[in-house]
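Please read them with the structure open.

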Amino acid sequence: MKNKKQPNGDYIEVKSVNENIYDMFSVEELEERLQMSTLNWGCGTDECTSVVIMDSKNR
Amino acid sequence: MDYTVKHHTSLYTIFIPLDSDSSEWMLVHGYTGAMDIVNNNIAQFLRKGGTLSQEKIDAGSFPCSTESLERLTKRGYITSKAPVEEKAWVHSMANYFHDKSRGSGASFCLLVAYDCNFRCPYCFENGISNNGKGWSKKTFTKDSADRAFAAMLEIEPDINRISKSITLYGGEPLLGRNHAVVDYIVRKGMDLGFQFSAITNGYELQHYKDLLGPGKIRMLQITIDGPKAIHDTRRTHFEDGSTFDRIIDNIEMALELNTAISVRINTEVKNFEYIQELHELFKERGFFKSKYFSVYSGLIHSEDEISCNVVMSPQKGNESSAKYSRVFKELEVTDDGVYNPDAQYINFEAEQTRAESADGLVFHYDMNEEDEATETMRTMNRVEYMNKFREAYANNPELKVSCQDFGLPSRIMNVLKGQRLVEFQATFCGAQNGMYILDPCGDIYTCWELVGQDEFLVGSYKEKIEFDREAVEKWQGKNISKVDACSKCKYAFFCGGGCMAGALREGRGYNSPHCDGYPRVFQDLVPRTYFKYQQQLEDEAAGKETEKEEVVNQII
């Protein structure tokens with residue numbers, strides 16, 4: 001039995017919300033993929049510093 | 001796919017029911033970052049965690065089409081990897097991510113002075129003023145500032161790999177009497193291409209007009225804990241008492257100089273109800289008209305945080321271990337041999353045994369932080385905090401006070417809108433990735449919540465840089481793969497293992513997690529973000545104007 005998805009009568013089994021995933025590739029491939037993505041590596045950037053400030057606790 | 005090889009539900013599958021009758025579920029994968037909606041039949045099959053083989057597929061025991069089965073496998077929810085292989089993969093990814101962030105350079109905070117003119121009851125630095133070393137008299141001088149700048153380049157010789165924003169920290173860095181040395185630091189830094197931000201109480205900001213604005217001290221975090229009557233009961237000046245009016249005037253002045261102001265409201269139960277009133281006051285003063293003005297709430301933690309650390313790394317003989325024996329009991333296999341697949345933690349030893357024989361499992365428990373009450377404050381746990389904010393947003397959709405939601409809504413929304421890889425993190429903060437705090441005594445710390453405490457020193461820069469490599473490694477060597485509990489956690493790549501200072505304050509050592517209610521927040525916020533995105537798509541299709549981006553950062 002399949003569940004009803006929308007009032008229009010469509011049924012789904014699997015609906016992917018995102019397509020781009022960390023697939024089971026090698027570390028070299030991981031490197032390549034990550035270079036193609038715009039990830040914030042969390043440190044050493046102005047943006048990061050402001051995030052750290054935002055997280056400073058009980059000041 | 002070759003299902004002649006035994007497959008099973010990945011242990012890192014996070015299950016989130018999307019509606020009250022659980023007819024649809026969201027699956028999120030803890031190391032592929034996949035997010036999918038599935039029907040209840042598929043969810044239940046995966047939750048049961050049985051093995052999957054070609055024979056079973058041929059016999060029709062998998063409740064969906066071959067296409068869906070292959071998709072679920074491709075997305076990582078169904079895997080042929082043994083439990084220990086999954087864990088090994090997570091370790092290798094974690095180390096890769098950590099190397100990447102660690103290798104991105106250094107960032108610096110200058111702890112201008114340990115002294116502070118406020119006496120806030122909840123300040124985490126209160127303890128160090130009594131440590132007998134006269135910390136409050138320690139302030140940067142021009143000589144020590146020169147030494148600090150030289151030390152930065154000794155720590156990271158490539159100036160291009162140093163964050164261009166230096167944070168001024170304290171104590172209170174912007175005391176009026178510190179102006180000369182702060183002026184020296186800022187101007188010297190500007191000559192080297194740096195800008196500054198500062199964490200300040202804002203009370204003596206009027207002395208710093210000449211140093212505020214883009215290119216100089218471009219950003220300030222200033223704490224205001226409520227309207228005047230509330231703020232003045234907790235953020236008191238050691239001589240003057242009331243501080244509210246002057247801080248507000250100083251914020252106005254700084255905004256006129258185009259200085260970014262991030263107001264922080266240290267929040268607990270008793271001042272929560274006044275946030276709205278404070279918001280109105282900011283509105284009346286016209287602060288929200290400035291693009292440089294923002295407000296956020298920070299949860300005041302209690303001292304006794306009971307998190308999953310208790311479960312995953314119980315201390316023998318510790319009262320809390322006995323107190324939470326119920327938790328340990330729940331971690332055991334139930335009579336029917338089924339573990340709780342919605343749980344946070346993975347018992348790899350048991351899973352490996354089961355995988356070699358039949359079924360799979362997962363389990364978890366995450367205790368609330370215990371509340372702490374005083375006459376003026378009562379702390380609350382993260383979930384209560386988030387629920388209060390949700391109610392506040394519902395009551396006032398115009399409320400422009402964001403809350404600490406781990407950045408999850410914006411992170412998930414970025415994935416949905418941009419179809420990018422979800423941002424995974426193997427660490428929690430800059431303390432693990434090359435941030436250094438240089439203090440006026442010539443000491444170096446990695447975490448600004450633990451400054452002034454000898455046990456957390458990682459080095460000194462008095463005449464030359466001397467690092468205690470072992471101490472540095474305790475911080476910069478830690479990522480989720482080094483923590484037993486995090487290695488077993490489905491959510492680890494989202495939370496990064498939590499605040500190390502928080503875990504250390506619990507007395508659990510460096511290699512402990514600090515969950516802070518993360519799994520429950522995740523279970524709540526991720527589907528809300530998804531629904532919000534769906535609503536936006538529907539609104540766009542109907543030609544309605546979508547909400548502004550800034551609202552994404554609020555609890556949905």
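1. Helices (H or I, at least four residues) and strands (E, at least two) are DSSP runs numbered from the N terminus, and two strands pair if DSSP finds at least two bridges between them. Contact means heavy atoms within 4.5 Å. Axes are lines fitted to C-alpha atoms, for helices over the stretch in contact, and angles between N-to-C directions run from 0 to 180 degrees.

2. This is a predicted model, in which local features need pLDDT of at least 70 and side-chain atom pairs count only at pLDDT 80 or more, while totals for chains, interfaces and linings use all residues. Residues are numbered from 1 along each chain as its sequence is written, chains are lettered from A and ligands numbered from 1 in the order in which they are written, and side-chain values use heavy atoms, with hydrogens and water left out.

3. Chain B has 21 helices and 17 strands. Of its 556 residues, 59% count as buried (buried is under 20% relative accessible area, exposed over 50%, partly exposed in between; 1.4 Å probe, protein chains only). Among contacts in chain B between residues at least 6 apart in sequence, 71% join residues at least 24 apart.

4. Strand β10 (residues 217-223) of chain B is mostly covered, with six of its seven residues buried. Strand β9 (residues 195-200) of chain B pairs with β10(B) in the parallel sense over five bridges. Here B:A198 has B:L220 as its bridge partner, and B:I199 stands opposite B:Q221. Five bridges also join β10(B) to strand β11 (residues 260-267) of chain B, again running parallel; B:I222 is opposite B:V263 there.

5. Which residues touch the most other members of the largest nonpolar core? They are B:L168 and B:I217, in a core of 140 residues. A nonpolar core is a set of buried Ala, Val, Leu, Ile, Met, Phe, Trp, Tyr and Cys residues joined through side-chain atoms within 4.5 Å. Beyond its neighbours within four places in sequence, B:L168 contacts residues including B:L110, B:V112, B:V182, B:I185, B:F196, B:I199 and B:I217. A second, separate core of 20 residues includes B:Y3, B:L27, B:C64 and B:L72.

6. Helix α16 (residues 408-418) and helix α21 (residues 518-541) of chain B pack at an angle of about 40°, their axes 9 Å apart. The pair is therefore oblique (under 35 degrees is roughly parallel, over 145 roughly antiparallel, 65 to 115 roughly perpendicular, the rest oblique). The crossing of α16(B) and α21(B) is right-handed, meaning that the near helix is turned clockwise from the far one by less than a right angle. Among the residues that meet are B:L408, B:I412 and B:L416 in α16(B), and B:Y518, B:F522 and B:L525 in α21(B).

7. B:F494 is in helix α19 (residues 492-495) of chain B and is buried, with a relative accessible area of 1%. Not counting residues up to four places away in sequence, B:F494 touches B:V28, B:H29, B:R411, B:V422, B:F424, B:Q425, B:Y518 and B:F522.

8. B:V458 sits in the loop between β15 (443-445) and β16 (459-460) of chain B. Is this residue, B:V458, buried or exposed? B:V458 is buried, at a relative accessible area of 1%.

9. Some backbone details deserve a check. A cis peptide bond joins B:G170 and B:G171, with omega about 15°; B:G171 is in the loop between β8 (165-169) and α6 (179-191) of chain B. B:N258, a residue other than glycine, has a positive phi near 60° and is partly exposed at 36% relative accessibility. B:F406, likewise not glycine, has phi near 65° and is partly exposed at 23%.
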